[in-house]
Amino acid sequence: MLSLKPLPPNHNPSLLHSLTPFTPPFPRTQTLKPSKHASPPSAIQSALQWNRKPELAGETPRVVVITSGKGGVGKTTTTANIGISLARLGFSVVAVDCDVGLRNLDLLLGLENRVNYTLVEVLNGDCRLDQALVRDKRWSNFELLCISKPRSKLPLGFGGKALVWLVDSLKQRPEGSPQFILIDCPAGIDAGFITAITPANEAVLVTTPDITSLRDADRVTGLLECDGIRDIKMIVNRVRTDMIKGEDMMSVLDVQEMLGLALLGAIPEDSEVIRSTNRGYPLVLNKPPTMAGLAFEQAAWRLVEQDSMQAVLVEEEPKRRGLFSFFGG
Amino acid sequence: MEMAALHLPSFSIQPSPPFPKHRVSLNTTQLMTEFVMFQCPSRRNPPKSGSLMIRRRLVRAVSDSGSSTEGAATDSPDENIVVTSDSANDSPPDSQDEKVLVTSESANDSPDSKPLVFVAKLQAAISPLSPFVSSMKIYAGSHSNVIWLSTATAFLLFVAVRVHIGVTRKSKHNRPGTVADLVRRGQLRSDRRGMYAQGISSLKYEDPFNNPYVKLGKSNSTVEMCGKVYKLSPVTLTPEEQAIHQRRRSRAYEWKRPTMFLKEGDSIPPDVDPDSVRWIPANHPFATTASDIDESMAQTNVYQKHGVPFRIKAEHEALQRKLGALQQDQKLNKFFIDSGNAKEYDRSLKLHPKSNEAVDQNPSGNQEGNSSPSSSNSSSSSFNSTSPSDEPQKL
């Protein structure tokens, strides 16, 4: 779903300022490129943003864990698409698949044949960390690291520590620290979840507009806050505007009212997700872009700038097909 | 030198002559005909030739009217005839205030030239044009055919150009031995080649907030995407509501970060806080790990940036030691074995076949366990085994 920022009533069009009521918790210490517009560093062009790249906010590397609690809501899809979007924006990204035993992130990215070493082999001394990182040929600033192969086991006790060492080692590597480290968290709230959230500074909670997912998401949010992660944003996935319109599904605003989290994105239900999984080609790379792909790109943008959605799209009356509708009017 | 300017209204083909009804000479008729062609260039009469013609005809007309000298002014380089069309004074064709003036800088101009005579002559010259105009009307119907023909031609040209470009690109890719092959094989990064090394990428950034497939309504409150119309609904979550939710969750979910993972059924150590223990189901992948990997060694392995990984190096050194030990044994055997010793050795083999078979199996089993470095299944089990260098010594 597209996010557009409506102009406030007292908006002064001569000023370029952000409309976010939630000020970013971290000071902006780094920008990707100097903006062409003569605007203060903290300003974001209101309503529509174009002809500029997002300004990186927060301290790098930004370690983001993508979790949900409930399985099958789209964590891995979100990790893959947001990761590729960030890489396409020019940021260096390392995606870590922390699902011990059931890794899928390599499948979504089409890199399953190139995963030879995992973090387990690094811990055992079979390879170095840079040898275990799989660099995407399409975007050389995107790398993938799997925790373990399906039949291997991660030693008990220092699973979380291993990830902390991993993040620290990535910071110190010769080619420079990555700007984003995305951690694909496994489902549940057991040892895998605890391991995955250990090094994270912020979290993206993926949920769907159904009550079961919301209850699990609420619990996960509570656990994250207990663990000291305060910057938690929400992505509502698999939104069906037609069902929302018919009041068969909770709206995105209803979800937000239940969970009380800032909204990073609302991803519409899209059959192209399955096709992209089959191809091993992330959705955001489709041309022309799909609605879900656009929504992922916008979510990635907001993640970079530590921003959140100010308005959501609600379906209106159906489009009236005119005589020249096939011209795209 | 008398100057006369020829002013004509902005030209449109009209059946009625736009000029006063005066008699004009034949030369003037020719002059007007070609001037018509000049003003309204058609496919039959390109303007260039018309402009040259009008220049020559004007020269002749002026020379004819002003002087009796023949041929003197023909294509004379000294004469510059200027024909201007006063578009600022455009008037409807039916108006009577036309002015026809010919500007001439020729030195041969006679002071006796009469521009008004020209007007009359021009008007008389217009009348023969009416058949021409009517013939143009006849051909107006064929204009639509011409338009279609031109459209089809343009389309065919477009398709041909695109096909040509496509063929060119394909031939570029299919040409063997180019740098594209290196990129295809993964030996060269496509985004760091040549001009792309400076960070300029052929894949331009696409703004997700300014996508052409998303159309905004005039009031900026409606969005059209994929055939559906949406309206913007602002988010209503306030910071106060967020704080309320956070307090609710802190009361509902009290959780301590676990520092110890125990399998179900294990006893809790006495000095460990029960709240910090995390129970792992017996069938969980974490619970099936039996090995105790050295934490400091694992940390060192993660931080290693260069050189051979620890395990590979250890196995390589172990293999080298083993080979050295085997060579030493062979040398010793060759050195010390004589007939007497050989017989005793044979007896020992015959008397204790089982013990010798057990000795033979053990080193082979350890070698298999140590020679499969990439197998993750054996990684945890083999890591706990003693180093290979100890095996021959034990034997």
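Reader: How do the residues of the lining of the second largest pocket divide into nonpolar, polar and charged?

Author: In this predicted model, the lining divides into 15 nonpolar, 11 polar and nine charged residues, where Ala, Val, Leu, Ile, Met, Phe, Trp, Tyr, Cys and Pro count as nonpolar, Asp, Glu, Lys and Arg as charged, and the others, Gly among them, as polar.

Reader: And which residues lie nearest its centre?

Author: Of the 35 lining residues, Gly72(A), Val73(A), Gly74(A), Lys75(A) and Thr76(A) lie nearest the centre of the second largest pocket. A pocket here is an open set of points on a 1 Å grid over the protein atoms alone, where a 1.4 Å probe fits and protein stands on both sides within 12 Å along at least five of seven lines, and lining residues have an atom within 4 Å of a point.

Reader: Which elements give two or more residues to that lining?

Author: They are helix H1 (75–88), helix H2 (105–109), strand E7 (231–239), strand E8 (262–268) and helix H10 (272–279) of chain A, with helices (H or I, at least four residues) and strands (E, at least two) being DSSP runs numbered from the N terminus.

Reader: Switching topic, at what angle do H7 of chain A and H7 of chain B pack?

Author: Helix H7 (residues 211–226) of chain A packs against helix H7 (residues 239–252) of chain B at about 85°, with the axes 9 Å apart. The two helices are therefore roughly perpendicular to each other, a label for angles of 65 to 115 degrees.

Reader: Which residues make the contact?

Author: Asp218(A), Thr221(A), Gly222(A) and Glu225(A) meet Gln246(B), Arg248(B) and Arg249(B), contact meaning heavy atoms within 4.5 Å.

Reader: What is the mean pLDDT of chain B?

Author: The mean is 62, and 38% of the residues of chain B reach 70 or more, pLDDT being the predictor's confidence in each residue, from 0 to 100. For chain A the mean is 82, with 78% of residues reaching 70 or more.

Reader: Which ground rules apply?

Author: Local features need pLDDT of at least 70 and side-chain atom pairs 80 or more, while totals for chains, interfaces and linings use all residues. Residues are numbered from 1 along each chain, and chains are lettered from A in the order in which they are written.

Note on methods:
Side-chain values use heavy atoms; hydrogens and water are left out. Axes are lines fitted to C-alpha atoms, for helices over the stretch in contact, and angles run from 0 to 180 degrees between N-to-C directions. Angles under 35 degrees count as roughly parallel, over 145 as roughly antiparallel, 65 to 115 as roughly perpendicular and the rest as oblique.
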